[in-house]
Amino acid sequence: MNGAIGIDLGATHIRAAIVLPDGELIGALRRVLPADPSTRRRAATDVAGELLARHPGHPVDAVGLAVAGTVDGGVLTWSANLGLDAVDFGAELRASTGRPTAVLNDARAAALAEARMGAGAGAATVLMVTVGTGIGGGLVIDGNVHTGTAHAGEIGHLVLDPDGPPCRCGHHGCWERLAGGVALDATAAELLPDGKSGAVALAAAASRGDTTALAAIQRHAREFARGLDSLCAVLAPHALVLGGGIIARPGPVRDAYLAATGTLRWHRGMIRTAVLGDDAGLLGAALAASNAS
Ligand SMILES: [Zn+2]
């Protein structure tokens, strides 16, 4: 069995590598994405071509792409982050590389990687929850990521408060608007002086002893646990894996979010934090591509 190229096309950067069957990365690269949408669109085929040209000694069977957006049958159908929609990345990569391809949402890719070779390895069902600007996720059953008709795993849009703040999806009070980075950003902008904003600034204020900031973080952590508990009631995963920037960054936000998982009524399995870091997306893309080849 040969390797597969894994590509992770995120909101600001693209990462890619040839992934060998044992998980070793060959030629890993990371680039800042160009601002121009038409150049962005070519970034995935460009890095795939570059890896193939630079590493002829590592045969590649397939090419996988993880992308920050909704995906249906190889087509990126919508991405608020990338400013792209209706891009048939599957066909473009297949045409440019001559290999079978797989395209999936980046949170689903991270879930697949953590379930197969990371924090959830060995568990029959793994729910991964990625808390970054938004909240993404993926359900992996017996090593396969569940996609349903296309978009299964859009857990950040679980509506917890219909009277809550508006969400980019069109609903109000979605989980990510109450517990994602975007919610922490909004709270920071509201509470902190001098126009400081962002989850990092809110965490810094709490660390300095700002009790209002700490109480706000704990309120968001309770919303985080509320969404998790609803998902666990429905899905009862053997392993719950928590990842993303909000969970990875040490400090009061991470501490509060992890502590809040101790209140879950419905979770009977294990809880782990993600272990694959920024490589999870490209690893999951390569795993999905290997399945497709
Ligand atoms: Zn929403």
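The chain exposes about 12,600 Å², and carbon and sulfur atoms supply 52% of that area. The structure shown is a predicted model, and the values below are computed from it. The chain holds 10 helices and 12 strands, and its radius of gyration is 19 Å, close to the 19 Å that the globule rule gives for 293 residues, so the chain is as compact as a globular protein of that length.

**The chain as a whole**

- Along its principal axes, the C-alpha trace of the chain spans about 55 × 40 × 35 Å.
- Of the 293 residues in the chain, 51% count as buried.
- When contacts between residues at least 6 apart in sequence are considered, 62% of them join residues that are at least 24 apart.
- The chain carries 23 positive and 27 negative side chains, and the centres of these two sets lie 3 Å apart.

**Two domains**

- The domain assignment divides the chain into domain 1, made of residues 3-110 together with 278-292, and domain 2, made of residues 122-275.
- Taken over C-alpha atoms, the centres of domain 1 and domain 2 are separated by 26 Å.
- Between the two domains, 11 residues of domain 1 are in contact with 13 residues of domain 2.

**Residues in strands**

- Val 32 belongs to strand E3, which covers residues 25-32, and it counts as exposed because its relative accessibility is 63%, where exposed means over 50%.
- Leaving aside neighbours within four places in sequence, Val 32 is in contact with Thr 12 and His 13.
- The C-alpha atoms of Val 32 and Cys 169 are separated by 27 Å, and these two residues are 137 residues apart along the chain.
- Thr 70 is placed in strand E5, which covers residues 70-72, and it is buried because its relative accessible area is 17%, where buried means under 20%.
- Not counting residues up to four places away in sequence, Thr 70 touches Val 75, Leu 76, Thr 77, Trp 78 and Glu 154.

**A residue in a helix**

- Ala 259 lies in helix H9, which covers residues 252-260, and with a relative accessibility of 55% this residue counts as exposed.
- Ala 259 and Ala 225 are 34 residues apart along the chain, and their C-alpha atoms are separated by 9.2 Å.

**The loops on either side of strand E10**

- Asp 142 lies in the loop between strand E9 (135-141) and strand E10 (144-145), and its phi is near 50°, a positive value in a residue other than glycine.
- At 60% relative accessibility, Asp 142 counts as exposed.
- Leaving aside neighbours within four places in sequence, His 146 is in contact with Leu 139, Ile 141 and Ala 152.
- His 146 and Leu 9 are 137 residues apart in sequence and 21 Å apart in space, C-alpha to C-alpha.

**The loop between helix H7 and strand E11**

- Ala 236 has its place in the loop between helix H7 (211-235) and strand E11 (239-243), and its phi is near 45°, a positive value in a residue other than glycine.
- His 238 also lies in the loop between H7 and E11, and with a relative accessible area of 45% His 238 is partly exposed.
- Not counting residues up to four places away in sequence, His 238 touches Ala 123, Ala 124, Thr 125, Gly 269 and Met 270.
- The C-alpha atoms of His 238 and Gly 83 are separated by 36 Å, and these two residues are 155 residues apart along the chain.

Technical notes:
Residues are numbered from 1 along each chain as its sequence is written. This is a predicted model: local features need pLDDT of at least 70, side-chain atom pairs count only at pLDDT 80 or more; totals for chains, interfaces and linings use all residues. Side-chain values use heavy atoms; hydrogens and water are left out. Helices (H or I, at least four residues) and strands (E, at least two) are DSSP runs, numbered from the N terminus. The radius of gyration is taken over C-alpha atoms; the globule rule is 2.2 Å times the number of residues to the power 0.38. Buried means under 20% relative accessible area, exposed over 50%, partly exposed in between (1.4 Å probe, protein chains only). Contact means heavy atoms within 4.5 Å. Accessible areas come from the Shrake-Rupley method with a 1.4 Å probe; for residues, only the protein chains shown count as cover. Lys and Arg count as positive and Asp and Glu as negative; His and the chain ends are not counted. The place of a charge is taken as NZ of Lys, CZ of Arg, CG of Asp or CD of Glu. Domain bounds come from an automatic or database domain assignment.
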